[in-house]
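Trainee: I've got this one open on my screen. Walk me through it, please.

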Amino acid sequence: MKPSGPALYDAVLLDRDGTLVEDVPYNGDPEKVRPLPGAREALDRLRAAGLRLAVVTNQSGLARGYFTEREMHAVHARIEELLGPFDHWAVCPHDDTDGCACRKPAPGLVHEAARTLGTAPRRCVLVGDIGRDMAAALAAGATGILVPTPVTRPEEVAEAPAVARDLPGAVDEILRRDRAVRPVVPRTGRAGTVLVVRSDSAGDVLLTGPGIRAVAAGAERVALLCGPRGRAAAELLPGVDEIIEWPLPWIDGSPEPVDPDDMRRLTARLAAVDADEAVVFTSFHQSALPLALLLRMAGVPRISAISDDYPGSLLDVRHRVPVGVPEPERALSLAAAAGFALPAGDEPVLRLRADLPAPAVDRPAGDYLVVHPGASVPARACPPERCAEIVAALAADGHRVLVTGGPGERELTARVAAAGGTDLGGTTDLAGLARIVAGARCLVVGNTGPAHLAAALGTPVVSLFAPTVPFGQWAPYRVPTVRLGDAGAACRDTRAARCPVAGHPCLSGVDPARVVAAVRRLAPG
């Protein structure tokens with residue numbers, strides 16, 4: 001019987017040359033088709049799992065006259081003879097100079113394939129061997145998995161959201177991710193009161209939203225324990241009946257000393273929830289065990305959490321997740337391990353409540369972009385002078401640019417907006433920012449909470465992504481995105497809160513012209 005709950009993907013899109021078959025430049029000869037090792041078996045596993053398959057391929061040889069359309073179709077027929085049938089072939093026949101919307105890295109082929117297969121790009125995963133494939137996937141809002149070959153450049157590997165050793169390895173990852181968000185033993189009845197926990201910043205709370213919704217679908221009542229920095233985001237999440245705000249000294253980046261009396265008060269507050277069970281969501285570098293101990297002392301009978309460390313009797317469900325999984329899927333997999341799944345019709349995407357609080361200021365009318373220069377972690381913020389140059393370039397390209405920021409960022413937003421934007425710094429709370437971002441054609445932002453707010457609203461994101469944390473885990477989830485910045489910078493994977501390299505080179509080198517081009521790709525006029 002098919003497991004309950006929606007799958008992550010409906011379809012797998014595959015590059016042709018270098019991914020399915022050996023790359024023979026401008027091949028118009030079926031006799032030269034050579035499948036890559038393990039390709040047929042890997043594709044048959046996808047077919048057996050009920051996933052539809054399409055090929056998305058640039059074939060500029062047509063435009064250059066190196067082969068005819070008839071010869072290309074003969075090559076494709078030979079590929080299907082060797083590798084089995086595909087549900088669709090999406091082909092770009094243009095050259096780079098044609099300026100079409102279909103040639104990868106443009107997202108046109110992904111949109112075409114998804115539309116033909118009766119699904120949306122966010123429910124597709126694209127497997128390819130070069131950076132153009134990954135860029136096309138991201139720009140459409142699809143998942144990308146890179147399978148490098150000798151021609152793949154190191155910077156393309158560094159920029160990829162996920163990397164597999166080969167096509168069979170990519171299929172392993174696709175099927176593993178899909179299984180991970182499905183409960184092995186679905187619940188037969190609803191749980192009572194469930195305490196869910198995500199004590200971190202606003203972006204982290206938003207990323208946990210799908211996991212919390214899955215718990216809410218199987219519970220009578222959900223209470224959310226969060227920290228002060230995540231409270232505003234918690235108020236925007238569907239499925240939460242009660243919010244408990246409490247700073248946790250083993251989570252906060254700048255914690256106060258541990259206060260035994262405060263821990264006793266927290267334990268009493270947790271006991272007052274009278275929870276039937278708890279699901280403790282954490283980031284990949286955090287431990288759930290200190291809170292699990294307090295939950296045990298509060299009398300919570302069943303506790304589920306991710307823990308690589310031995311938990312002893314602190315956990316009833318000890319879940320493990322490989323490194324590199326996107327944070328929303330990490331949360332969904334823990335919910336699944338605890339027996340909870342999203343209900344039918346609820347996509348595994350970020351979402352906000354439908355009844356957002358009324359904003360302090362009205363959403364601007366007309367067409368506009370948003371640039372958000374600040375970040376909760378300084379190492380992830382683009383330098384102000386470069387943000388100002390980006391605003392100037394966007395304004396020169398004919399865009400109306402709104403510059404947003406929190407109450408403590410008024411000086412920053414005024415400085416950036418002076419280059420040609422409208423300064424909205426400090427004028428909105430998070431719910432008000434959500435309304436502004438919802439009306440934007442595109443958001444230009446670093447790796448910080450508003451990027452995930454945009455993902456929850458379906459607003460495309462130009463991601464000025466500092467590589468201090470892995471892009472595959474923290475990228476805007478399932479929303480059209482262009483990644484900019486030096487993915488191979490020396491700060492890569494350091495989790496540094498402040499830039500450890502003089503001059504902030506990973507983002508200070510972002511060319512404003514590339515931001516303009518990214519906006520054109522994501523939000524064409």
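Trainee: Where is the place of histidine 504?

Mentor: Histidine 504 belongs to the loop between β17 and α19 (505-508). Helices (H or I, at least four residues) and strands (E, at least two) are DSSP runs, numbered from the N terminus.

Trainee: Before we go on, what sort of model is this?

Mentor: It's a predicted model: local features need pLDDT of at least 70, side-chain atom pairs count only at pLDDT 80 or more, and totals for chains, interfaces and linings use all residues. Residues are numbered from 1 along each chain as its sequence is written, and side-chain values use heavy atoms, with hydrogens and water left out.

Trainee: And what pLDDT does the protein chain average?

Mentor: It averages 94, and 98% of the residues score at least 70. pLDDT is the predictor's confidence in each residue, from 0 to 100.

Trainee: Where does pLDDT stay under 50?

Mentor: Over residues 1-6, for which the model has 12 contacts beyond four places in sequence. Contact means heavy atoms within 4.5 Å.

Trainee: What about arginine 478, what's its phi?

Mentor: Near 55°, again a positive value in a residue other than glycine. Arginine 478 is in the loop between α18 and β17 (481-484), and with a relative accessible area of 10% it is buried.

Trainee: Which residues does the cis peptide bond join?

Mentor: Lysine 104 and proline 105, with omega at about 25°. Proline 105 is in the loop between β3 (88-92) and α4 (108-116).

Trainee: OK, bigger picture. What does the secondary structure of the protein chain come to?

Mentor: There are 20 helices and 17 strands. The C-alpha trace spans about 75 × 60 × 40 Å along its principal axes, and 57% of the 525 residues count as buried.

Trainee: What radius of gyration does the protein chain have?

Mentor: 24 Å, which agrees with the value near 24 Å for a compact globule of 525 residues. That radius is taken over C-alpha atoms, and the globule rule is 2.2 Å times the number of residues to the power 0.38.

Trainee: Now pockets. What volume does the largest pocket have?

Mentor: About 1300 Å³. On a 1 Å grid over the protein atoms alone, a pocket is an open set of points with protein on both sides within 12 Å along at least five of seven lines, whereas a cavity is a set where a 1.4 Å probe fits but cannot get out; lining residues have an atom within 4 Å of a point. Grid points are joined across faces, edges and corners, and a volume is the space filled by probe spheres set on the points.

Trainee: Which residues lie nearest the centre of the largest pocket?

Mentor: Of its 47 lining residues, those are Ser201, Ala202, Arg229, Ser376 and Val377. The helix α8 gives the most to the lining, with 4 residues.

Trainee: Does α16 matter there, or what do we know about its cover?

Mentor: α16 (430-438) is one of the elements supplying at least two residues of that lining. It is mostly covered, with 7 of its 9 residues buried. The cover includes α8, α10, β12 (369-372), β13 (401-403) and α17.

Trainee: What is leucine 433 in contact with?

Mentor: Apart from neighbours within four places in sequence, His372, Thr404, Thr428, Pro450 and Leu453. Leucine 433 is in α16, and it counts as buried at 7% relative accessibility.

Trainee: Last one: how many cavities are there of 30 Å³ or more?

Mentor: The count comes to 6. The largest cavity holds about 220 Å³ of space. It is lined by 18 residues, with Leu138, Ala142, Thr143, Pro161 and Tyr477 closest to its centre. α18 (471-474) and β5 (143-146) each give two or more residues to that lining, and α18 gives the most, with 3.

Conventions: Buried < 20%, exposed > 50% of the residue type's maximum accessible area, 1.4 Å probe, protein only.
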